[in-house]
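The sequence and the model come first.

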Amino acid sequence: MRRMWAVLAVLSMAAPAALAQGRAGSIELTPTVGYWFGDTLARGTVNAFDFDVTVDDTTAAGVRVSYRFTENWALEGALMRFNADLVTGRKELFGGAEKLGEIRGDVAEIGFEGSFGRSRLVPFLAGGIGAMRLDPSMANASSDTRFVGHLGAGFKLFFTPNVALRFDWRGHSANVRSGSDDCDWWERCSYDDRWLTFKELSLGLTLAF
């Protein structure tokens, strides 16, 4: 780890002033790996369980593709996948949860990215919508696809005008409201949680063309 950060520091100091990043008409391809912090499916949210079930923290991998139509604005699409454990209960400290099975999540999203500045360090905000397919590996549960919205921020550290490290912190919220009750989209109803929210911390290598 120390060696990796030392190499990044040397590259950052050695690179020429990167004045061309964020140019209109460019395409950015970013393979990404990260860590997704899980959330709890409250009792009654899904028909397969009559108790709280937590989607555990896990790693994820995918790719982001952006088309920059101005220097500061881009249309961005992303495909991500994770495999996580399903465990009993909520995420209490020292809770001693029991593993019930596993779940795979495939996420497809589209949205906008707004960046600031043209220096080597370029912060940005991002948000959008998409679909999340949840596929549990359990006999009494079937896969389903739900609406997901995401919002986040991050920054890119450019080594050259065409190569950068990208850091993302995002929240992805999937609507998991059951259709078996009489509640509308915003009503709280008899159960607490209608959204399954994952927090993402990720690192990618951006290549601009």
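Two strands pair if DSSP finds at least two bridges between them. Strands here are DSSP runs of E with at least two residues, and helices are runs of H or I with at least four residues, numbered from the N terminus. The model is predicted, so local features need pLDDT of at least 70 and side-chain atom pairs count only at pLDDT 80 or more, while totals for chains, interfaces and linings use all residues. Residues are numbered from 1 along each chain as its sequence is written, and side-chain values use heavy atoms, with hydrogens and water left out.

**Overall fold**

The protein chain has one helix and ten strands, in the order α-β-β-β-β-β-β-β-β-β-β along the sequence. Of its 209 residues, 38% are buried; buried means under 20% relative accessible area, exposed means over 50%, and partly exposed lies in between (1.4 Å probe, protein chains only). Contact means heavy atoms within 4.5 Å. Among contacts with a separation of 6 or more, 65% are between residues 24 or more positions apart. The chain exposes about 11200 Å², and carbon and sulfur atoms supply 63% of that area. These areas come from the Shrake-Rupley method with a 1.4 Å probe.

**Strand pairing**

| Strand pair | Sense | Bridges |
|---|---|---|
| Strand 1 and strand 4 | antiparallel | ten bridges |
| Strand 4 and strand 5 | antiparallel | nine bridges |
| Strand 1 and strand 10 | antiparallel | eight bridges |
| Strand 9 and strand 10 | antiparallel | 13 bridges |

Ala-60 takes part in two of the listed pairings: Gly-34 stands opposite Ala-60 in strand 4, and the bridge partner of Ala-60 in strand 5 is Phe-82. Strand 4 is joined to strand 5 by a hairpin through four residues. On strand 10, Leu-207 is the bridge partner of Leu-29, and Lys-199 is the bridge partner of Gly-171.

In a regular strand the side chains alternate between the two faces of the sheet. The covered face of strand 10 includes Leu-196, Phe-198 and Glu-200, whereas the uncovered face includes Trp-195, Lys-199 and Leu-207.

**Aromatic pairs**

The structure holds seven aromatic pairs. Rings of Phe, Tyr and Trp (its six-membered ring) pair if their centres lie within 6.5 Å; planes under 30 degrees apart count as stacked, over 60 as edge-to-face and the rest as tilted. Trp-36 and Phe-198 form a tilted pair, because their ring centres are 5.7 Å apart and their planes stand at 50°. Trp-36 lies in strand 1 (residues 27-37) and Phe-198 in strand 10 (residues 195-208), so this pair ties together parts 162 residues apart in sequence. Trp-36 is buried at 1% relative accessibility, and Phe-198 is buried at 1% as well.

Phe-69 and Phe-112 have ring centres 6.4 Å apart and planes at 90°, so their pair is edge-to-face. Phe-69 sits in the loop between strand 4 (58-68) and strand 5, and Phe-112 in strand 6 (residues 99-115), so the pair connects parts 43 residues apart in sequence. Phe-69 is partly exposed at 39% relative accessible area, and Phe-112 is partly exposed at 47%.

Tyr-35, Phe-37 and Trp-169 are linked into a cluster by ring pairs. The charged end of Lys-156 sits over the ring of Phe-124, 5.7 Å from its centre; this term requires NZ of Lys or CZ of Arg within 6 Å of the ring centre and within 35 degrees of the ring normal.

**Nonpolar core**

A nonpolar core is a set of buried Ala, Val, Leu, Ile, Met, Phe, Trp, Tyr and Cys residues joined through side-chain atoms within 4.5 Å. The largest nonpolar core has 20 residues, and those with the most contacts inside it include Trp-36, Met-132 and Phe-198. The elements giving two or more residues to this core are strand 3 (53-55), strand 5, strand 6, strand 7 (121-136) and strand 10. Strand 5 gives the most, with four residues.

Leaving out residues up to four places away in sequence, Met-132 touches Trp-36, Val-107 and Phe-198, among others.

Met-80 is found in strand 5 (residues 73-88) and counts as buried at 5% relative accessibility.
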